[in-house]
Amino acid sequence: MTPPLHHPLLEAGDTRLLTVDAVLAQGDTGLTRYRIVRFAAYGRALLIDGLIQSCEFDEALYHEMLMSPAVALHGHPRRIVVIGGANGGIVNRLQHLPSLRGLHHVDLDPTLAGLCRYHLPHLQPQEPFSFDYRLEFEDPRAWLARKRGDLGGWADLVLLDLPDAADTSYAAGVFDMEALAAAADLLAPGGLLVTHVGHCHPAAISFQAETVARLRRLFADVVVYEHPIPSLAVAWGFAIASRDRSLNRFARAAMARRIAALPAAMRRHYDAETHLALLHRPAIVRAALDAATPIPVPTHPTFMETTT
Amino acid sequence: MTAEQSRTAAPTQAKAPAPAPEDFAAVQALYDQTMADNAQVHDLIYPKVFGADQYIGQFSDNSADELRLMAALMQVPAGARVLDLGCGRGLVAAFLAREMGWTVTGIDLSLASLAAGRKAGHGVELIAGNVYEHAFAERFDGIYSTGAACHFDAARLFARARSLLVPGGRLAIFERVRLGDIDAADWRKLTTDWTCPHVYTAAEYGELLTVAGFRVRHVLDTTERFRTWQARSVEVRRELRREIVAATSQEYFETSLALAAYEADVSRKGLLGYAAVIAEALP
């Protein structure tokens, strides 16, 4: 009998109990405290610092909600930077994009990535790739500082697939102003940055409020949306940001055509109807975000709407 | 969500008798006499069980990818000195020396296995002897054992391994593990018949490592694929019946098939699994 796992829903005061069928791997790589388990309800799951990162049951939902709206909004990303996500779930979907020519990928922990290749095969891409793929293992914050010059203005899409920004996680250092500014500098004209912004529980939404506030200070336009993720027991928030274009088209009906044009691997759970629902944020969440927003959001200089 | 609040209780322990005494004369006889022809049959069967690119001459129930993963989890740098404990022909040692850039030394009791390894000429230093008795010139940065630790009393083995490792050195045990309560008849088949003092759970390995002065860094459960390998080894034996009989005898084939089928059955019932436990030697 494997004992159940107590998983925190909030920072404190709300923990849920998940039945564990098997612990497939657990340990500490020196960079990451990890556990790979098989949940009775949600299948194989990766936990970092005790927090669920993805579950087999709905990882496709999470990863599509992270990347597919931004890909559809851009339309034809040729060059993509992925920060994090080497444990799987991202490249196995991006590899189906016909427009993709080059992908720079950085993540922290090669040992954990190796464990995930073994125990989470459903998240892994199939090589060989039809595009230039460069994977490096390094602290993403240091990598961003190092690549800010070389890859400045290179990317049509910068995709941050980071763990929760827990105090113990390197991700906290990528969600600060300096690292987000470095990530923004990688964008080509018309390029988009996309990231998760944490859960949407109105009782503890400060991380989302602070992250969105930082994005609004750095970018001309930011669209924030959410979708329920059953294995995480809450809705999860995501943000797409642009330095030089309005993201008004995100709410337009024309998105339906772009969504239909996505590779099938990127729209198992993401369709036009789901897209429309993404922007309908509950009043209780909006109120919580307003109350938690730490600083006034400055008005950004005028921007030009592009026609991509 | 910022705090580490996930917790699990200690796993329930399957019951088992106390470890029997080690018997290295019997272990040597097993590999040099009873199973002297086994390597030849192994080389016939296991490229088809694991896949041709996943068989590198290993005797343990692990694919080459699983051995690579174990080595990666040891986190021992290139150039380090590593001991393969129970190295057999030394083919895993040669593989990991190439893959990881380690300087690997192998030690084994089986003179037949070592002779076959030396004949293969893979360039790894192979020592004939008992790890408890051999006087090694230097301590090691890493020690691993793949499918050989079952012949040892783990408490005694880990104490010896600790003395052979530099502080911070890593020990990896990749071995069959007990998952359920095993009855007396099965216990005898899985221990006495294979000259194994005991079949430990992964948790017991962890506890004994802690007592011996290690900190457990990783526990990797490979039971799902182990069951696949076990079932596949029965299928492949049947497929290769003619070749196996030609290389050995009808009696050998029947005995080998019955043993493989028995082990696959025990695994399928959830009594046996496979796991790697990787630990760091504390200063």
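**Exercise 1. Work out how α6(B) passes α8(B): is the crossing left-handed or right-handed? Then describe how the two helices sit and what they touch with.**

*Solution.* Step 1: look at the crossing in this predicted model. Helix α6(B) passes α8(B) in a right-handed crossing.

Step 1: get the geometry. Helix α6 of chain B covers residues 154–164, helix α8 of chain B covers residues 202–211, and they pack at an angle of about 45° with their axes 9 Å apart.

Step 2: find the touching residues. From α6(B) come Ala154(B), Ala155(B) and Phe158(B), and they meet Tyr205(B), Leu208(B), Leu209(B) and Val211(B) of α8(B). Sorted by class, that contact has 7 nonpolar residues, with no polar and no charged ones.

**Exercise 2. Now try α2(B) and α9(B): at what angle do they pack, and which residues make the contact?**

*Solution.* Step 1: helix α2 (residues 38–50) and helix α9 (residues 223–239), both of chain B, pack at about 125°, and their axes are 9 Å apart. That makes α2(B) and α9(B) oblique to each other.

Step 1: check the handedness. Helix α2(B) passes α9(B) in a right-handed crossing.

Step 2: list the partners. On the α2(B) side you'll find Ile45(B), Lys48(B), Val49(B) and Phe50(B), while α9(B) brings Trp229(B), Arg232(B), Ser233(B), Val236(B) and Arg237(B). By class, the contact of α2(B) with α9(B) has 5 nonpolar, 1 polar and 3 charged residues.

**Exercise 3. Over to chain A: how far does α6(A) reach from its first C-alpha to its last, and what covers its buried residues?**

*Solution.* Step 1: α6(A) runs over residues 206–218, which is 13 residues, and reaches 19 Å, close to the 18 Å expected at 1.5 Å a residue.

Step 1: pick out the buried residues of α6(A). They are Phe207(A), Gln208(A), Ala209(A), Thr211(A), Val212(A), Arg214(A), Leu215(A) and Arg216(A).

Step 2: see what lies over them. The cover includes the chain A helices α5 (177–185) and α9 (283–292), plus the strands β11 (187–199), β12 (221–229) and β13 (234–242).

**Exercise 4. Is His119(A) buried or exposed? And which residues does His119(A) touch?**

Step 1: count. His119(A) has 21 C-beta neighbours inside 10 Å, so it counts as buried; the cut-off is 20 or more.

Step 2: leaving out residues up to four places away in sequence, His119(A) touches Leu24(A), Ala25(A), Ile36(A) and Arg44(A).

Definitions and conventions:
Residues numbered from 1 in each chain as written. Chains lettered and ligands numbered in written order. Predicted model: local features only at pLDDT ≥ 70, side-chain atom pairs only at ≥ 80, totals over all residues. Axes fitted to C-alpha atoms, helices over the stretch in contact; angles between N-to-C directions. Helix = DSSP H or I, 4+ residues; strand = E, 2+ residues; numbered from the N terminus. Left-handed = near helix turned anticlockwise from the far one by under 90°. Contact = placed C-beta atoms within 7 Å. Nonpolar A, V, L, I, M, F, W, Y, C, P; charged D, E, K, R; others polar. Expected span 1.5 Å × (residues − 1). Buried ≥ 20, exposed ≤ 12 C-beta atoms within 10 Å, placed from the backbone. Parallel < 35°, antiparallel > 145°, perpendicular 65-115°, else oblique.
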